[in-house]
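This briefing is meant for someone meeting the structure for the first time. Please look over the sequence and the model before reading the points that follow.

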Amino acid sequence: MRIGPHALPNPVILAPMAGVTDRPFRRLCRELGAGLVVSEMVTSDTRLWQSAKSSRRLDHSGEPGPISVQIAGADPLMMAEAARANVDLGAQIIDINMGCPAKKVCKRAAGSALLSEPELVARILESVVAAVPVPVTLKIRTGPTRDNRNAVMIARIAEQSGIQALAIHGRTRADRFNGEAEFETIGEVARSVEIPVIANGDIDSPQKAQRILQSTGAGGIMIGRAAQGNPWIFQDTVHYLEHGRLAPAPSVEEVRARVLAHLSDLHDFYGTYSGVRIARKHLGWYTQNLPGGEHFRRGFNNLEKATDQRRAIEQFFQQISAISDRLRIGCYGGVSARNKDGALAA
C-alpha cells in the first residue's frame with residue numbers, strides 16, 4: 001500500500017485516538033508491526049499550541065517515518081496554516097479529521113460535523129492540499145446520519161481535491177460508537193474511487209481484519225480501540241494476512257519486557273507525576289483479560305511512585321510465568337494464558 005511517495009510495509013494502521021496514541025504508544029505499535037501510526041488530533045488553531053498537551057502532541061522526535069499528523073478544524077485557511085506548521089515540525093503526511101463525533105469537536109463544526117457541508121469539505125481539502133508538499137489523507141465516517149450516508153460523495157470530493165488516501169469508520173456521526181460498525185458503505189466507496197481506502201471500526205482480531213479486507217476491497221485496515229492494551233494485534237494481524245493463521249503467542253518474558261519498556265517511556269515522556277497516572281489506564285488495558293488482573297489493578301492504581309509501579313509489574317508477570325510460558329493478550333487466540341501443561345489458566 002502506498003500513500004504518495006511512501007510505500008508502507010503492510011496495510012495495518014494504528015488509528016489516531018486522543019489520549020492514547022501519544023509518542024510512546026505510537027513507537028510501541030510500530031515496533032510491533034503497525035505499517036503506519038497516526039498521531040493524536042491537533043487543533044488547527046496554532047495559537048493554542050503552547051499548552052503542554054499540544055506541545056507533547058507535536059513532539060515526534062526520534063520517530064521513524066513516515067510521520068503522520070492529524071489536524072482538526074473547520075476554517076480552510078487555519079487548516080492550511082496548521083498543515084504547513086506541522087510539516088515544518090517534521091510531519092511527512094497530513095491527515096484531516098472529519099470523523100471525530102465528540103461534542104467538543106462537533107460543536108465547533110469540525111470533525112464529523114463537516115460531513116453535512118460538502119462544499120466546505122471541498123474548500124478545506126483543496127486548501128490543505130495546496131498548502132503542503134506532502135501527501136494529505138482524510139478520515140471520515142459513513143455520513144451524518146443513517147438516512148444520509150454520503151461517504152461516496154465525500155470520497156469523490158476528496159479524490160478530486162487531491163487527497164491520497166481515505167480512512168472510513170463504519171458508523172455515522174449520529175451513531176457515535178453505538179451499535180456495530182457496518183462495512184457495506186466502505187465497500188461502495190472502495191469501488192467508487194481510485195485512491196486507497198482504509199476500513200475502520202470494530203476490527204478487533206486478525207480474522208476480522210482479513211474478512212473486512214476481502215469483503216470491502218479496501219486497501220488497508222485501521223485498528224483503534226482493539227490496540228489498547230494489545231499492541232501485539234498488529235504483528236498478529238500482519239502474520240495472519242500473510243500466512244492465514246495466527247503466529248505463536250509471545251512468551252511471558254517478551255510481554256513483560258514490552259510492558260516495562262512502555263512504562264519507562266511514559267515516565268520519561270510525561271515526567272514521573274503525570275507518567276505514573278497515565279500508566280494506570282494502560283496497565284488497566286494490558287491486564288483486563290489476564291488471570292489476577294482485577295486484583296493487580298486495585299493495587300496498581302494506588303501506587304504513586306515510578307519504582308513501585310515497575311516492581312508491581314515485575315511481580316505480576318512473575319506470577320503469570322508460574323502458570324504459563326506464553327501469553328496472548330488478545331482474546332482472538334482463544335484464551336489469554338495457558339498452564340504449562342496446556343490447560344486453561346484460572
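The protein chain of this predicted model is built from 13 helices and 11 strands. Its radius of gyration is 20 Å, close to the 20 Å that the globule rule gives for 346 residues, so the chain is as compact as a globular protein of that length. Along the principal axes, the C-alpha trace spans about 60 × 45 × 35 Å.

**The chain as a whole**

- Of the 346 residues in the protein chain, 57% count as buried, and the accessible surface comes to about 14700 Å², with 48% of that area belonging to carbon and sulfur atoms.
- When contacts between residues at least 6 apart in sequence are considered, 67% of them join residues that are at least 24 apart.
- The protein chain carries 42 positive and 35 negative side chains, and the centres of these two sets lie 4 Å apart.

- Helix α1 covers residues 23–31, and because 7 of its 9 residues are buried, the helix is largely enclosed by the rest of the structure.
- The buried residues of α1 are Arg-23, Pro-24, Phe-25, Arg-26, Leu-28, Cys-29 and Arg-30, and the elements that cover them include the strands β3 (12–14) and β4 (36–37) together with the helices α9 (233–243), α10 (252–270) and α11 (272–287).
- Just after α1, the chain passes through Gly-33, which takes a positive phi of about 110°.

**Arg-256 in helix α10**

- Arg-256 is found in helix α10, which is also among the elements that cover the buried residues of α1.
- With a relative accessible area of 18%, Arg-256 counts as buried, because the cut-off for that class is under 20%.
- The side chain of Arg-256 makes a polar contact of 2.6 Å with the side chain of Glu-253, and a polar contact of 3.0 Å joins the side chain of Arg-256 to that of Glu-314.
- If neighbours within four places in sequence are left aside, Arg-256 is in contact with Glu-314 and Phe-317.

**Helix α13 and the segment after it**

- Ala-312 is found in helix α13 and is buried, with a relative accessible area of 15%.
- Not counting residues up to four places away in sequence, Ala-312 touches Phe-296, Phe-300 and Leu-303.
- Ala-312 and Glu-31 are 281 residues apart in sequence, and their C-alpha atoms are 24 Å apart in space.
- Ser-324 is found in the segment that follows α13 (306–321), where this serine is buried with a relative accessible area of 2%.
- The side chain of Ser-324 reaches the backbone oxygen of Arg-326 at 2.4 Å.

- Val-197 lies in strand β10, which covers residues 197–200, and Val-197 is buried with a relative accessible area of 3%.
- Leaving aside neighbours within four places in sequence, Val-197 is in contact with Leu-166, Ile-168, Ile-186, Val-189, Ala-190, Ala-218, Gly-219 and Gly-220.
- Although Val-197 and Gln-207 are 10 residues apart along the chain, their C-alpha atoms are separated by 19 Å.
- The loop between β10 and α8 (206–216) contains Asp-202, a residue that is partly exposed, with a relative accessible area of 24%.
- Phi of Asp-202 is near 60°, which is a positive value in a residue other than glycine.

**A cis peptide bond**

- The peptide bond that runs from Gly-65 to Pro-66 is cis, with omega near -5°, and Pro-66 lies in the loop between helix α2 (52–57) and strand β6 (68–72).

Terms used. Residues are numbered from 1 along each chain as its sequence is written. This is a predicted model: local features need pLDDT of at least 70, side-chain atom pairs count only at pLDDT 80 or more; totals for chains, interfaces and linings use all residues. Side-chain values use heavy atoms; hydrogens and water are left out. Helices (H or I, at least four residues) and strands (E, at least two) are DSSP runs, numbered from the N terminus. The radius of gyration is taken over C-alpha atoms; the globule rule is 2.2 Å times the number of residues to the power 0.38. Buried means under 20% relative accessible area, exposed over 50%, partly exposed in between (1.4 Å probe, protein chains only). Contact means heavy atoms within 4.5 Å. Accessible areas come from the Shrake-Rupley method with a 1.4 Å probe; for residues, only the protein chains shown count as cover. Lys and Arg count as positive and Asp and Glu as negative; His and the chain ends are not counted. The place of a charge is taken as NZ of Lys, CZ of Arg, CG of Asp or CD of Glu. A polar contact is a pair of N or O atoms within 3.5 Å; within protein, one must be able to donate a hydrogen and the other to accept it, and residues adjacent in sequence count only if both atoms are side-chain atoms.
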